[in-house]
Amino acid sequence: MNISLLDALSRPAIGRGFRLQWEEVQNAHVLLYPEGMIKLNGSAGEILKRCNGETTIADITADLERAFGAASLSEDVMRFVVMAVDKKWLRICP
Amino acid sequence: MAANLPVNSPIPAPTPKPGPPLWLLLELTYRCPLHCAFCYNPTDFARTTEELDTDDWLRVLREARALGAVQLGLSGGEPLSRDDLEPIVEEAHRLGFYSNLITSGVGLNDARLSALKKAGLDHIQLSFQDSTQQMNDFLSSTRTFDLKSTVAALIKQYDYPMVLNVVLHRLNIDHVEEILEMALRLGADYVELANTQYYGWAWHNREQLLPSREQVQRAERVMQDFRERVGRQMQIYFVVPDYFERRPKPCMNGLGSIFLTVAPDGTALPCHAARMLPGLEFPNVRSAGIKEIWYDSASFNHFRGDAWMKEPCRSCPEKTRDFGGCRCQAYLLTGDAANADPVCDLSPHHHLVTEAVARAERPAAHAPHLGSEEKPLVFRSARNSTTLFPKQQGN
C-alpha cells in the first residue's frame with residue numbers, strides 16, 4: 001500500500017487478519033490479530049469502528065466531529081489513518 | 001508442537017488483584033503424529049490418557065471468556081487429532097475469541113480446513129522443522145515435508161495469512177537462509193524463527209540441541225540480510241535463545257498475570273510447562289470453575305507479585321520488567337523454582353548456563369542421523385515416554 005495515495009476520499013477498512021471488538025472487561029476496544037492484541041485508547045477505537053470499507057475518511061471525520069461536538073479533527077484522523085495503514089491495522093479499499 | 005505465544009500488549013505493572021487471563025491456551029491433546037525431539041510437552045505425557053470431552057472444553061471456553069479471555073490458542077500435541085476441533089472453534093467464535101490454530105498441519109485437508117473456516121477460525125500457525133525434506137523428516141521423526149508444503153498451499157487458498165513457525169536448534173540453525181527461502185517460496189506472510197526453549201523433551205535433549213554462539217550469531221546475520229532484501233513482503237521474527245542472553249525473558253509476563261493453559265487432562269496451569277514445578281497442586285477444570293482457579297487457587301497465586309522472590313531478584317530494580325525470568329527454567333537448572341532464572345548474569349547460578357553454552361562450542365554435528373559420536377536424540381513418542389519417563393520428571 002502506497003500511503004501517498006491516501007486522501008480524504010479513501011475508504012479504510014480493518015486490515016486482513018485483524019479484528020476490532022469491544023471488550024467489556026477491559027472497558028476498551030481492542031484490535032486482535034494473530035497471537036496478539038492491542039488495547040486501543042478511546043479515540044483510536046472511535047476512528048477504527050467507523051472504518052467499514054465504505055465510508056470515506058472525510059465522512060468518518062465529519063461523523064466524529066458531530067458525535068463529539070469537536071471541530072477540525074481531519075488532521076488528527078488522517079494522521080491516525082496513515083499510521084494505522086502503515087501498521088496494517090487498516091487497508092484502503094479500492 | 002512447540003510454539004511461542006507472545007502477547008504484544010504493554011506489560012502491566014504488578015497489582016494486588018490480578019487482571020483477567022487474556023490469553024487462553026488449550027492443549028487439546030498430547031496425541032501428535034510428529035515425534036519432535038525439541039517438543040516442550042512433558043516427557044511423561046503418555047500417562048495422560050483421560051482427555052477432556054467436548055462439553056468440558058466448551059465450558060472452559062465460556063467461563064474463560066466471561067472473565068475476559070480473548071486470545072485463544074488451540075494447541076497440543078496436534079489439535080487436529082481431536083475430531084471435535086470444529087465445534088470447539090465454532091463456540092470460540094460465537095463467544096468472541098480470536099482463535100489461533102497451532103498445528104503441524106498433519107491432518108489438515110480441504111474438508112477440515114473448509115469446516116474450520118466456516119466455524120470461524122481466525123488464524124493458523126503452521127510449523128516446519130527445517131527447509132529440507134531430509135531434515136524436516138529426521139527432526140520430527142516422520143515423513144511430513146511434502147504434506148506440509150501441500151497444507152501451506154491450502155492455507156493460502158482459504159485466504160489465511162500464512163504464518164510459519166520454525167523451531168531452531170543446533171541441527172537446523174545453519175539452514176536459516178534455506179528456511180527463509182522456503183518460506184518465501186511458500187508465500188509466507190510471517191515467519192517465526194523460534195530458538196528452542198529447553199523444557200520437556202527439549203530439556204532432555206538439550207546437549208544435542210543447544211547451538212554454539214557462533215551458530216546463533218551467524219543465523220542472526222543471515223536473518224538480518226534476508227530481512228533487508230525482502231523488505232515487508234515477509235515479516236521475520238527471531239526469538240532470541242535466552243541461554244545466550246544476560247537477562248532473562250519476562251516469562252508469561254509473570255506467572256498468573258495473563259496466561260492460562262488447560263492441559264489435555266483438564267489441569268489448569270499458569271504456563272504450559274508449569275506442571276513440573278514441585279509443591280504446587282494445580283487445579284483441574286473438571287472439579288473447579290475457571291474463575292475460582294484463576295483468582296483463588298493457591299497454585300495460581302503462588303508466583304504472583306514478588307513475595308516469593310529470593311535475592312538477587314527481590315531487591316532488583318529490574319524485577320518489575322522480567323519478574324525474575326522463568327520459574328521452570330530456574331527449577332530445572334537450580335532445583336528451586338524461586339531462584340532467579342540462571343540466564344540472568346546476576347544469578348549466582350549463571351555459570352550453569354554459561355557452562356552449557358561452553359559445552360556447545362564443540363564442532364557442530366552436521367549429519368547426526370548418519371551416525372556420530374554424540375548421544376542420540378530421544379524423540380518424543382508414547383513409547384519413549386512410557387519406557388524412559390515412567391514418573392513425572394523434574395531435574
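Visitor: In this predicted model, which side chain meets Lys49(A) in a salt bridge?
Guide: The model is predicted, and side-chain atom pairs count only at pLDDT 80 or more. The salt bridge of Lys49(A) has an N to O distance of 3.3 Å, and its partner is Glu46(A).

Visitor: Is Glu46(A) buried or exposed?
Guide: Lys49(A), at 44% relative accessibility, counts as partly exposed. For Glu46(A) the value is 18%. Buried means under 20%, so Glu46(A) counts as buried.

Visitor: Which residues are linked with Glu46(A) and Lys49(A) in a network of salt bridges?
Guide: The pair of Lys49(A) and Glu46(A) is joined at 3.3 Å, N to O. Both belong to a network of salt bridges in chain A, whose other members are Arg50(A), Asp63(A) and Arg66(A).

Visitor: How many salt bridges does a search of the whole structure find?
Guide: The search covers all chains. One of the pairs it concerns is that of Arg246(B) and Asp345(B). Over all chains, the total is 32.

Visitor: Which residue of chain B forms a salt bridge with Glu23(A), and why does the pair join two chains?
Guide: The closest N and O atoms of the pair are 2.7 Å apart, and the partner of Glu23(A) is Arg65(B). Glu23(A) lies in strand S2 (residues 19-23) of chain A and Arg65(B) in helix H1 (residues 54-67) of chain B, so the pair joins two chains.

Visitor: How many residues apart are Arg246(B) and Asp345(B), whose side chains meet in a salt bridge?
Guide: The side chains of Arg246(B) and Asp345(B) come to 2.8 Å, N to O. Arg246(B) is in the loop between S7 and S8 of chain B, while Asp345(B) is in the loop between helix H13 (327-334) and helix H14 (350-359). The pair thus links distant parts of the chain, with a separation of 99 residues.

Visitor: Which strands stand at the edges of the open sheet of chain B?
Guide: The sheet has 9 strands in the order S7-S6-S5-S4-S3-S2-S1-S8-S9, with mixed pairing. Each edge strand has a single partner strand, so one side of each is left without a neighbour in the sheet; the two are S7 (235-239) and S9.

Visitor: Which residue of S8(B) stands opposite Leu24(B)?
Guide: Strand S1 (residues 23-27) of chain B and S8(B) run parallel and are joined by 4 bridges. Within strand S8 (residues 259-262), Phe259(B) and Thr261(B) point one way and Leu260(B) and Val262(B) the other way, and all are buried. The residue opposite Leu24(B) is Leu260(B).

Visitor: Which residue takes a positive phi in the hairpin of S8(B) and S9(B)?
Guide: S8(B) pairs with strand S9 (residues 268-269) in the antiparallel sense over 2 bridges, and Thr261(B) stands opposite Leu269(B). The hairpin has 5 residues between the strands. The positive phi, near 95°, is that of Gly266(B).

Visitor: What is the bridge partner of Val167(B) in S6(B)?
Guide: Strand S5 (residues 163-168) and strand S6 (residues 190-195) of chain B run parallel, joined by 6 bridges. In S6(B), the partner of Val167(B) is Ala194(B).

Visitor: Which helices each supply at least two residues of the negative patch?
Guide: The surface patch is formed by Glu177(B), Glu178(B), Asp225(B) and Glu228(B). Glu178(B) is partly exposed, with a relative accessible area of 41%. The helices of chain B that each supply at least two residues are H6 (176-185) and H9 (213-230).

Visitor: What distance separates the C-alpha atoms of Leu121(B) and Tyr98(B)?
Guide: Leu121(B) is in the loop between helix H3 (110-119) and strand S4 (123-128) of chain B, and at 5% relative accessibility it counts as buried. Leu121(B) and Tyr98(B) are 23 residues apart along the chain, and their C-alpha separation is 7.8 Å.

Key
Residues are numbered from 1 along each chain as its sequence is written. Chains are lettered from A and ligands numbered from 1 in the order in which they are written. This is a predicted model: local features need pLDDT of at least 70, side-chain atom pairs count only at pLDDT 80 or more; totals for chains, interfaces and linings use all residues. Side-chain values use heavy atoms; hydrogens and water are left out. Buried means under 20% relative accessible area, exposed over 50%, partly exposed in between (1.4 Å probe, protein chains only). Two strands pair if DSSP finds at least two bridges between them. Patches are made of residues with over 30% relative accessible area and no salt bridge: like charges are joined within 9 Å, nonpolar side chains (Val, Leu, Ile, Met, Phe, Trp, Tyr) within 5 Å. Accessible areas come from the Shrake-Rupley method with a 1.4 Å probe; for residues, only the protein chains shown count as cover. A salt bridge is a side-chain nitrogen of Lys or Arg within 4 Å of a carboxyl oxygen of Asp or Glu. Lys and Arg count as positive and Asp and Glu as negative; His and the chain ends are not counted. The place of a charge is taken as NZ of Lys, CZ of Arg, CG of Asp or CD of Glu.
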